[in-house]
Amino acid sequence: MSKMNQSSIFNWTKSTDTSRYLTILWVMLGLSVAFSASAQDARQIKEPVTPPVCKVLSAQLSSPTATTISNINDTARIQQAIDQCKSGQAIRLASAQAQSAFLSGPLQLRGGVSLIIDADVTLFASSNPKEFDRGTSTCGSNDQQGRGCKPFISIDQTKSSGIYGEGEIDGQGGSRILGQEESWWQIARRAQKENSHQNVPRLIEINQSQDITLHKITLRNSPNFHVTLNRVDGFTAWGIRIDTPATARNTDGIDPISSRNITIAHSYIRTGDDNIAIKAGNSGVTENISILHNHFYTGHGMSIGSETNGGVRHILVDDLTIDGATSGLRIKSDVSRGGLVEHVSYNNVCINNVRAPIDIDTHYNRSAAGSLIPEYRDISLSHIHSVTPGRIILQGLDAQHPLKLTLHDVVIGGRNEDQYTTQFDHVQFAGLDASSTVNVKTMFSGTSEYSCQDKFVIFPDAAVVKKRPQLDAAQAKQFSLNEVLKYTGISGSERIDPWDPLSHPIAAAENVKADYIVDASAQEDRKKTFRQVQAAVNQAVIDYENSPHPNGRITILVKPGLYQELVYVPALATPITLLGLDAATTKISANLDAALPGATYTSQFGAQFAQSHPTIVAMYDSIKSKPALGTFGTAVLWVKNPAFEAKNITIENAYNKDKGNARAECQPGTCPDTGVYAQMLLVHHQALAVMLDGADKVHFDHVRLLGFQDTLYMRAPRAGETTRNFFQHSYIEGDVDFIFGDATAYFYQTEIKSLGDRSSSYVAAPSTNVKTRYGFVFDQCRFTHDGSPYALAGKFYLARQWFNNQKCTPYGKVPIPGYACEPGAVDQYTPPKGTISKTTLETVGKMVVMNSRIGVHINAIQPWSNWNKNGTLPFRPAQFSSDDYWNNLISANIDPVGQLGYSGQWMPDRVFLAEFNNTQE
């Protein structure tokens with residue numbers, strides 16, 4: 001209702017139907033609705049969390065063509081995986097490069113088992129009616145019974161199951177049925193003409209179940225209803241999309257029937273029938289439903305009914321847009337199926353291009369007969385704004401069963417008598433004396449208190465972005481250890497130099513004769529025996545600078561102890577091995593971070609380099625005079641030595657370790673002002689445990705690398721040159737970007753542990769050059785966490801691709817007037833314009849995870865993150881392949897050929913980010 005002063009009087013004449021009369025009671029402005037607080041889902045609702053994965057199935061199809069419909073069917077392998085999965089876990093359907101489709105007949109979710117469909121994957125329902133037939137041989141035909149087909153996905157007598165992921169389920173309602181000339185929708189339309197019932201499948205049917213979830217999934221083209229709930233207690237649909245043509249008959253979006261405790265939120269629904277239809281039949285009441293923050297498009301609107309004989313109560317509809325539907329807010333029933341509908345609140349609704357913005361009618365079927373009385377009471381409409389004209393229908397059954405309404409700020413815009421009709425019969429408006437009269441011409445007119453500006457949004461129908469691409473078996477072979485570590489040299493023209501570190505293991509301490517011994521408690525002679533590791537390295541460089549070691553390798557045995565020092569290993573013709581006895585008791589540790597002044601660094605560590613070899617002094621001198629060390633001055637172990645090895649040793653940067661490496665017993669936002677998380681809330685500085693600086697064939701075995709931010713950095717000698725690093729049976733921990741760089745690295749049977757409780761955390765930040773064959777590969781690894789609250793909530797990522805050196809971004813839309821970032825010779829930005837170099841654009845970042853176990857801390861839907869947020873200067877979208885890189889350049893108005901000098905797009909497409917055969921814990 002429009003704004004009016006309390007004393008306004010409206011002259012309302014009787015209905016032209018003299019057998020009916022009107023009793024008018026008007027609501028005073030600002031009247032609170034006592035029942036609205038209880039008109040909602042009784043559960044505590046928050047966005048669902050994707051369950052851990054028990055098995056990944058890879059797609060075998062590119063699309064469900066006529067050939068594949070008869071030759072390939074995924075029903076058995078999907079159902080078998082569901083049947084074998086433990087409660088609380090999920091089956092994940094993943095793409096395999098060119099294959100991103102699954103084709104299946106009916107599926108049944110088991111107790112506690114869920115389905116995850118990746119963003120670039122579509123699960124298609126079979127078009128073969130025989131697969132859906134209930135045994136009557138009627139599926140795919142019309143008769144007087146209907147319901148001859150099984151649903152595509154059934155969830156029966158189940159608790160805590162669901163369907164997750166940003167992929168799609170496509171019912172193929174518009175595709176021709178196998179062996180027939182009609183589609184499912186054509187059968188349904190023919191049934192309407194013949195006054196018969198179609199036998200076609202529903203998409204998802206949930207019966208007698210508890211706590212069922214749909215999260216971010218897209219449902220398309222159902223042959224019949226998309227989602228039905230029967231006797232369900234607890235259902236959440238969050239961020240889903242339902243998309244079916246307006247001409248597709250009986251394709252309701254979501255229908256809760258005789259169910260309770262339902263939330264449908266943040267979703268987008270356009271379909272051929274009711275967008276949502278709340279019903280209550282012979283199985284009992286439907287109650288406690290929240291419809292929150294949704295957008296409806298074509299369809300029949302936000303409906304209650306037509307079956308209401310079981311009773312409907314405590315319904316809350318809040319923050320809804322309806323754009324292009326036939327009806328807006330609708331309650332429909334009649335004497336053949338009616339019942340009590342009460343305590344329904346509609347708040348903050350915007351309506352556009354709808355024929356009947358408000359349609360509350362007790363005479364849905366004018367010819368209906370029966371004694372099931374439709375009675376609607378305690379119906380509240382507040383801040384309802386239709387920006388276009390349309391029909392208002394408010395119709396109670398009779399004088400004994402009037403429609404009882406409370407209205408506040410209900411406005412129908414663009415009204416005139418030719419465009420706008422009303423039908424009011426047996427209506428009571430709460431709050432005004434019955435003797436008052438109402439002027440129909442002024443009702444629902446005026447200016448709304450509730451603005452619909454910017455409320456209507458386009459249906460999110462953009463192309464799906466790949467979120468979790470999978471390798472197929474043939475591609476996975478290209479990421480085997482021998483293949484990845486075979487190449488070195490200039491990227492794009494590497495030379496083959498086979499290296500198999502597993503075939504050349506680092507010798508155990510008992511099998512080698514050490515050239516130097518480091519023992520913190522020994523009497524040192526400063527020739528062969530030392531108390532510091534750096535002293536032994538220094539002596540080795542002096543001894544073998546000009547004459548190669550006769551055994552081809554220098555071995556330094558480090559006995560158990562805590563060595564609080566820095567270790568710098570320069571380039572040397574002879575490789576060096578640091579060999580410990582036990583990593584748990586042999587530790588090299590220092591505490592320094594990127595903000596540490598050079599003067600402080602000098603006072604703490606200068607003495608150990610005072611008498612060092614000039615190559616080591618040069619490394620020290622490159623740091624000591626800096627106002628602050630910066631990331632690359634913080635390494636505890638700094639290696640330039642080709643073919644360097646380390647075994648059975650712990651390397652630790654102790655910055656923040658005494659305050660942050662523990663699990664806090666508090667939730668995000670509730671941590672105390674002192675202790676673990678108080679320290680972690682401070683700004684973290686970069687602090688490296690290990691920096692591998694242009695050294696090829698570096699091998700680590702049974703090492704422990706401990707740090708917080710930026711634990712391990714691996715740098716190529718220069719951009720576009722390949723150097724190789726190998727880690728096996730090791731342990732690496734950190735909190736953000738703690739494995740990073742542009743070198744090639746292979747991690748084998750190694751634990752990668754994310755620490756701390758940042759709201760976002762990234763294991764790796766590769767900055768691999770676009771021409772370099774391989775970046776980081778993790779094989780048979782385990783990704784773990786320390787149990788912090790955000791980790792348990794699945795807020796962390798496997799990687800974000802480091803946009804190294806950039807000062808501005810050509811990607812996305814930066815909201816700065818006159819902003820531009822174009823290719824140039826250097827990376828620079830002077831607001832509002834800047835340039836970005838080809839070298840920086842080419843730091844694309846590559847990483848593959850295969851045959852590994854991934855903990856719950858890693859985002860199960862989108863484990864690969866963008867580099868920062870869209871709209872900011874550091875932004876770059878995640879790029880999964882060379883095609884993505886190429887297409888992103890074009891989208892940024894950068895010509896890859898004319899401006900960057902490429903001869904053409906890479907063929908075939910080259911993998912940047914991918915997975916293979918992983919399990920999610």
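This is a predicted model: local features need pLDDT of at least 70, side-chain atom pairs count only at pLDDT 80 or more; totals for chains, interfaces and linings use all residues.

Colleague: Which cysteine does Cys-350 form a disulfide with?

Modeller: With Cys-452, and the two sulfur atoms are 2.1 Å apart. The link is left-handed, at -95° about the S-S bond. It connects distant parts of the chain: Cys-350 sits in strand 26 (residues 340-352), while Cys-452 is in the loop between strand 32 (427-429) and helix 5 (473-477), 102 residues apart.

Colleague: And Cys-452, buried or exposed?

Modeller: Buried, at 7% relative accessibility.

Colleague: How many disulfides does the count come to?

Modeller: Four. One of them joins Cys-139 to Cys-149, S to S 2.0 Å. That link is right-handed, with 110° about the S-S bond. Cys-139 counts as buried at 8%, and Cys-149 is buried too, at 3%.

Colleague: What about Cys-808, what does it pair with?

Modeller: Cys-821, with the sulfur atoms 2.0 Å apart. The S-S bond has 70° about it, making the link right-handed. Cys-808 lies in the loop between strand 58 (797-800) and strand 59, and Cys-821 lies in strand 59, so the pair ties together parts that are 13 residues apart in sequence. Cys-808 has a relative accessible area of 0%, and Cys-821 comes in at 8%, which counts as buried.

Colleague: Strand 59, then. In what order do the strands of its sheet run?

Modeller: It's an open sheet of three strands, 59-61-60, with mixed pairing. Strand 59 (820-823) and strand 60 (828-830) are at the edges with a single partner strand each, so one side of each has no neighbour in the sheet. The twist averages 15° from one strand to the next.

Colleague: In which sense do strand 60 and strand 61 pair?

Modeller: Antiparallel, over three bridges, with strand 61 covering residues 833-836. Thr-830 stands opposite Lys-833 of strand 61.

Colleague: Switching topic: what volume does the largest pocket have?

Modeller: About 1200 Å³. Its lining has 47 residues, and those nearest the centre are His-197, Phe-225, Asn-250, Lys-279 and Glu-307.

Colleague: Which element gives the most to that lining?

Modeller: Helix 4, with three residues. Among the other elements that supply at least two residues each are strand 12 (204-207) and strand 25 (327-332).

Colleague: And how do the lining residues divide?

Modeller: Into nine nonpolar, 22 polar and 16 charged.

Key
Residues are numbered from 1 along each chain as its sequence is written. Side-chain values use heavy atoms; hydrogens and water are left out. Two strands pair if DSSP finds at least two bridges between them. Helices (H or I, at least four residues) and strands (E, at least two) are DSSP runs, numbered from the N terminus. Axes are lines fitted to C-alpha atoms, for helices over the stretch in contact, and angles run from 0 to 180 degrees between N-to-C directions. On a 1 Å grid over the protein atoms alone, a cavity is a set of points where a 1.4 Å probe fits but cannot get out, and a pocket is an open set with protein on both sides within 12 Å along at least five of seven lines; lining residues have an atom within 4 Å of a point. Grid points are joined across faces, edges and corners, and a volume is the space filled by probe spheres set on the points. Ala, Val, Leu, Ile, Met, Phe, Trp, Tyr, Cys and Pro count as nonpolar, Asp, Glu, Lys and Arg as charged, and the others, Gly among them, as polar. A disulfide is a pair of cysteine sulfur atoms within 2.5 Å. Buried means under 20% relative accessible area, exposed over 50%, partly exposed in between (1.4 Å probe, protein chains only).
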